[in-house]
Amino acid sequence: MPESLHCEGFNFRAFRWVQTMIFTIDEINRDEKLLPNITLGYRIFDSCDTHFQALRAAVTLINGQEESVNGNDCIPSTLAIIGDSGSTQSMVVTRMLGLFRIPLVSYFSTCACLSDKAEYPAFLRTVPSDYFQVRALAQLVKHFGWSWVGTIAGDDDYGRYGVQMFSEQIEALGMCIAFSHTIPKVSTKEKIEAIVNSIRKSRARVILVFAIEQDTDTLLQEVTRQNITGIQWLASEAWVTSAMLSSQQNSILIGTLGFALRRAQIPGLQQFLQKISPFTASQNALVTEFWETLFHCSLQTSANGTSQCTGSEDIESGVNIYSDVSQLRVSYNVYNGIYAIAHALHDLSSCEGGKGPFENDTCASSVDIKPWQLLHYLKHVHFTNRLGDEVMFDENGDPNPSYDLINWRENVDGSVSYVTVGRFDGSFNSNYKLQIDENAIVWNNGKKEIPQSTCSTACVRGTRKAVRQGQPACCFDCVSCADGEISNQTDSIECIKCHLDYWPNSQKDQCLLKEIEFLSFEDPLGVSLVTTALCGASLTIGVAAVFTYYRNTPIVKANNSELSFLILFSLVLCFLCSLTFIGKPTIWSCMLRHTLFSISFVLCISCILGKTIVVLMAFRAKQPKNDRMKWFGPVPQRTIIFLCTCLQIITCILWLTTSPPLPVKNTKYQNARIILECDVGSVKAFAIVLGYIGILSSSCFLLAFFARKLPDNFNEAKFITFSMLIFFAVWVTFIPAYASTSGKYTVAVEIFAILASSFGLLSCIFVPKCYIILLKPEKNTKKHLMGRRSANKNL
């Protein structure tokens, strides 16, 4: 047969849990009300913190083939088992016990997987599930804004399941895992060094160690050897109050945070623990090993230089983990577990006939109790213990979860104290509340500032996060928001597009109302154009006044005074129509500016065309046998002007009724500004209107060009030709200037073209006449006007 395995080392903390069980059983047996006719007994087995030893102990308990460590068999059958402290051991044991429906009540197996009643129907526990601890840790990480966290797990179900759940929780909250390592049970120097090197290289300054204290100690020894500081350690409840770690690795663990089980003070326990003696429990092998390990002596004959114990050594003479009852957390779970079984037995023995929970309403026999009957009552147990706390199990066999947030602090003498700085209440009606006193927390190395642990620095307002390709979401670059977009929060994932009427400020963190631009009457440019237009209109009116005063002079009569006054009237309209282009565009101003402009110029060009035709026909009529002039009298002239103008008016009416010009907000040229302008509506109608003006002016130019060499001293056709050349030059230049400007300057260019062409017509056609009328009256005679130029003179 293979040799029996033997445990090595001694865990004072676990031995205190065993003694707490014995203390609780003795307390229950002395209670005359709880179980008056039943005496509880126990058998103790050492699982050596391994699953195969735990399974061997469970099998032994069931079939009773071996003696326990204390050598006392109180009853031949086992109704319930208290244990184990490790989740892996409990999983292995309860799978086997479930076949016999023997309840296993654990005081420290926290793996959330054990809440699966389909797989572990006989498992209950007085310690909260890791699901709640992990939830509390995730909320803690989120509370302090740690988005880049490292995780290290023990190589068991407790560590693996815990880190897995933690990773899922924080990823759901938008945070990331920087690295994840596992501490091997059979560790080597190379493996531990690889983990510590990863810690050194990572930017993660917050690291969660989800492992039992033995595995954590292996890791922290190497961290201490390499002198890695500046790490904010997060502890799982398995080692957050570990006296062994705080006494050995206290220099690097100052500031550690973690959630611990609820602490309690069990009356009488400290005195019971201190009464232990190898003489009063000589048959208990654990007591003997405890005594020899604590005092570094031997109860047998001394050997290898080891001193011999007297058995009367004073436990109270020094501080040790066993007798330290300042952090009774797991021990309190042992206490509640024993009492839960006792109350289940009490409820079972109190059953009234015909009202039982089993088949045919029967009760269990108090003489021959079956484990499955006790399991039924355990699931429904509900009582208040001697400390005033409520003890019960939910449908998954879990208790009300409640944790204290523990912070490690260094005392004056160099020791470590565990200070409660918060609380996580996961009771059934609390909705998982996390309360933290931030001012009371001391951070790593005794600092007061909250440590930062991020893969990338936070993106300020006005920027957004751009995830780096192939890296976690927490590793990102900060990209400035695009034009027209803002971000008004730190670490924005997306930028918000401003409304059409708004534009971001220079920091791109606020949308401001866009500046509205149009050519206003208050604008200096608008004032100058208005002044120019009014001057042009006034000058035209002045010319009309001169013509009216000298209407009977030959030069006025000879140039068809009726058409001259009509041209002056149309030029006044041309000057004044430019005013409609200034000011805030409205529906009426947009329709008026385009129609008034087109009709005014058509009327003007039509009159000039009529005058040109009259001049040309008058010259032809002086030839012999030529009677064409009768066809170009006053009535035909008015008819030509009327028809030409009416055609433009009809076109404008159709334009306004089908697709009229309307005011629009243009942001195409300047995103930061809204340009109020008039959209022409129908581009075809606008092109027809302008094209018609072009056709009339071209016709006028051609006729005037043909009549430019007439022999009269005062040849008006020559001046009309010059006026048309200026007109064409202005509007041809206008096209590229109009296309290359934007906003109010586009309107200004259009107004300038109207004014320039109007001044050109006024100057070329009427200034020469006014010159003769006012400055050369001697030439204002019929003889001079009708006189022929010398034959040798040309234009």
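**Close-up views of a predicted model**

**View 1. F290 and its neighbours.** In this predicted model, F290 touches F10, F12, F15, I276, I315 and Y322, leaving aside residues up to four places away in sequence. F290 belongs to the largest nonpolar core, which has 95 residues. Which residues touch the most other members of this core? They are W146, F166, L257 and F290. Helix α12, residues 330–349, gives the most to the core: 12 residues.

**View 2. An open sheet of 8 strands.** The strands run in the order β5-β4-β6-β7-β8-β13-β14-β15. Their pairing is mixed. Strands of a sheet pair through backbone hydrogen bonds, either parallel or antiparallel. Which strands form the edges? They are β5 (176–183) and β15 (433–436), and each pairs on one side only. On average, neighbouring strands are turned by 30° against each other, with direction ignored.

View 3. Strand β14 covers residues 416–425. β14 and β15 pair in the antiparallel sense, over 4 bridges. R423 has its bridge partner in β15: Q435.

**View 4. Helix α6 on the sheet.** Helix α6 (residues 189–201) packs on the sheet. α6 touches β4 (148–154), β5, β6 (206–210) and β7 (232–235). The direction of α6 makes about 165° with that of β5.

**View 5. Helices α4 and α5.** Helix α4 spans residues 130–143 and helix α5 spans residues 157–172. They pack at an angle of about 45°, and their axes are 9 Å apart. That angle makes α4 oblique to α5. α4 passes α5 in a right-handed crossing. On the α4 side, the contact is made by D130, Y131, Q133, V134, R135, L137, A138 and V141. On the α5 side, Y158, G162, M165, F166, Q169 and I170 take part.

**View 6. Helices α12 and α13.** α12 returns here, with helix α13 (residues 371–379) as its partner. Their axes come within 8 Å and cross at roughly 105°. The two helices are therefore roughly perpendicular to each other. Which residues of α12 make the contact? They are A340, I341, A344, L345, D347 and L348. From α13 come Q373, L374, Y377 and L378.

Definitions and conventions:
Residues are numbered from 1 along each chain as its sequence is written. This is a predicted model: local features need pLDDT of at least 70, side-chain atom pairs count only at pLDDT 80 or more; totals for chains, interfaces and linings use all residues. Side-chain values use heavy atoms; hydrogens and water are left out. A nonpolar core is a set of buried Ala, Val, Leu, Ile, Met, Phe, Trp, Tyr and Cys residues joined through side-chain atoms within 4.5 Å. Buried means under 20% relative accessible area, exposed over 50%, partly exposed in between (1.4 Å probe, protein chains only). Contact means heavy atoms within 4.5 Å. Two strands pair if DSSP finds at least two bridges between them. Axes are lines fitted to C-alpha atoms, for helices over the stretch in contact, and angles run from 0 to 180 degrees between N-to-C directions. Angles under 35 degrees count as roughly parallel, over 145 as roughly antiparallel, 65 to 115 as roughly perpendicular and the rest as oblique. A crossing is left-handed if the near helix is turned anticlockwise from the far one by less than a right angle, and right-handed if clockwise.
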